[in-house]
Amino acid sequence: MIPSKLLYVLFGVGIAIAILLAVLFSPTIAIVGTLGFDGILLLVALVEGQRVRGRRVEVTRDVPEKLSIGRDNPVVLWVRSGSHSAEIAIADAYPIAFPASHRTLRLSLPPNATERLSYTIKPDKRGEYHWGDIQVRQLSPWGWIWSHWTVKASETVAVYPDLVGLRSLSIRLTLQSTGTMRRRLSTGMGTEFAELREYSVGDDTRAIDWKATARRHRPLVRVLEPEREQTLLIVLDRGRLMTAQVQGMKRFDWGLNATLSLVLAGLNRGDRVGVAVFDRDIHSWLPPERGQHQFSHIMETLTPIQPVLLEPDYVGAVTRLVSQQTRRALVVMITDIVDATASAELFAALRRLTPRYLPFCVTLRDPQVDAIAQTPTEDPREIYQRAIAIDLLSQRQVAFAQLKQKGVLVLDAPANLISEQLVDRYLQLKARNRI
């Protein structure tokens with residue numbers, strides 16, 4: 001049992017009574033009166049504590065089986081009162097390594113009611129984490145005592161890549177595929193027949209289907225879409241540069257989110273998708289396949305992988321990849337670049353892919369560096385930091401220009417926007433039949 005503020009106030013009243021009795025009568029009477037008053041308070045408090053024991057609320061926790069890294073994941077606590085009203089305070093033992101929206105939740109319940117309390121937790125690391133028991137305090141009927149007890153609710157919860165973002169992407173891709181959103185089909189583009197439609201002003205006359213036009217006595221054009229069942233290979237770097245923290249998460253985690261988003265988009269568009277994760281050697285290799293089972297396989301295989309402080313062997317990874325994959329493919333290398341000199345091995349590896357494959361270098365930029373470079377300042381220390389940031393960005397641009405000259409596609413985006421921009425670029429390549 002824990003005394004409430006009201007009980008402390010009552011004890012303070014007892015002190016005032018003792019002073020008054022000492023002034024009016026004698027110190028002995030003051031001591032006896034104070035002890036008697038305090039004894040009555042303690043007796044009533046004990047009775048209050050026993051009363052609240054029979055009125056305890058029921059508390060249960062509802063937490064997602066899989067949490068999304070970098071997202072505000074909702075955690076729900078259900079509280080059910082008995083035949084009496086209740087005022088409670090709840091502290092949930094979530095993993096202390098992760099920030100939460102609330103440390104303590106408070107609630108007043110009417111009799112025979114069920115209420116929903118919620119808070120969010122934002123993991124910044126993948127893995128399995130322990131959730132402890134729920135600590136509950138309930139105020140006694142007269143408000144003198146807080147009764148404290150523990151609800152056994154210990155469990156282990158897994159933190160996965162950005163599942164929330166993947167669900168949103170899945171809905172978006174489904175809407176695009178089913179035609180709920182306007183599909184980006186055009187006449188004369190792509191290689192696979194999609195449909196016939198009436199000719200309209202501006203259409204390429206070379207797309208007119210003359211046989212169908214003769215049969216239906218009105219001009220019809222053939223609508224083509226990009227070829228399906230192509231091959232998409234994603235090569236994810238887990239080396240030294242990918243261990244850096246960017247906006248609260250490791251660069252590798254941003255890259256992993258982008259990898260899974262691209263896998264989902266590729267499978268949705270009918271491509272065969274494979275993934276390789278490497279450092280000095282190939283850590284994981286999942287050969288290209290189609291179907292939803294491939295996405296589940298890739299997700300479960302990649303989720304436990306963590307970055308390491310090793311220099312990656314780009315040439316070795318590409319060499320093994322080329323030996324495993326002989327047919328033409330879009331090869332997406334997700335990594336980071338410092339400058340042309342430091343990334344010479346990466347450049348050599350990507351050049352080995354041309355012209356047989358279509359190499360695509362994707363790098364994850366730190367938004368904080370962008371902010372520093374774009375913010376004018378007069379502070380000498382900040383001026384120096386800004387100069388460094390501008391130099392870093394200019395060196396990156398020089399490196400990307402060299403890659404483009406060698407026929408390598410390039411995407412350099414802030415880490416927190418990389419997934420969306422990478423999927424959009426992939427869909428553009430599909431629409432233009434570049435793969």
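Tyr314, Val315 and Val318 in α7 meet Glu345, Leu346, Ala348 and Ala349 in α8, where contact means heavy atoms within 4.5 Å. By class, this contact of α7 with α8 has six nonpolar, no polar and one charged residues (Ala, Val, Leu, Ile, Met, Phe, Trp, Tyr, Cys and Pro count as nonpolar, Asp, Glu, Lys and Arg as charged, and the others, Gly among them, as polar). This is a predicted model, so local features need pLDDT of at least 70 and side-chain atom pairs count only at pLDDT 80 or more, while totals for chains, interfaces and linings use all residues. Residues are numbered from 1 along each chain as its sequence is written, and side-chain values use heavy atoms, with hydrogens and water left out.

Now the geometry of that pair. Helix α7 spans residues 314-324 and helix α8 residues 344-351, and they pack at an angle of about 15° with their axes 8 Å apart. So α7 is roughly parallel to α8 (angles under 35 degrees count as such).

Over to serine 81, in the loop between β4 (73-80) and β5 (86-92); strands here are DSSP E runs of at least two residues, and helices H or I runs of at least four, numbered from the N terminus. Serine 81 counts as buried because its relative accessibility is 3% (buried means under 20% relative accessible area, with a 1.4 Å probe and protein chains only). Its side chain reaches the backbone oxygen of proline 110 at 2.7 Å and the backbone nitrogen of asparagine 112 at 3.2 Å. Leaving aside neighbours within four places in sequence, serine 81 is in contact with Val57, Leu109, Pro110, Pro111, Asn112 and Ala113.

Terms used
Buried < 20%, exposed > 50% of the residue type's maximum accessible area, 1.4 Å probe, protein only. Polar contact = N/O pair within 3.5 Å; in protein donor to acceptor, adjacent residues only side chain to side chain. Axes fitted to C-alpha atoms, helices over the stretch in contact; angles between N-to-C directions. Parallel < 35°, antiparallel > 145°, perpendicular 65-115°, else oblique.
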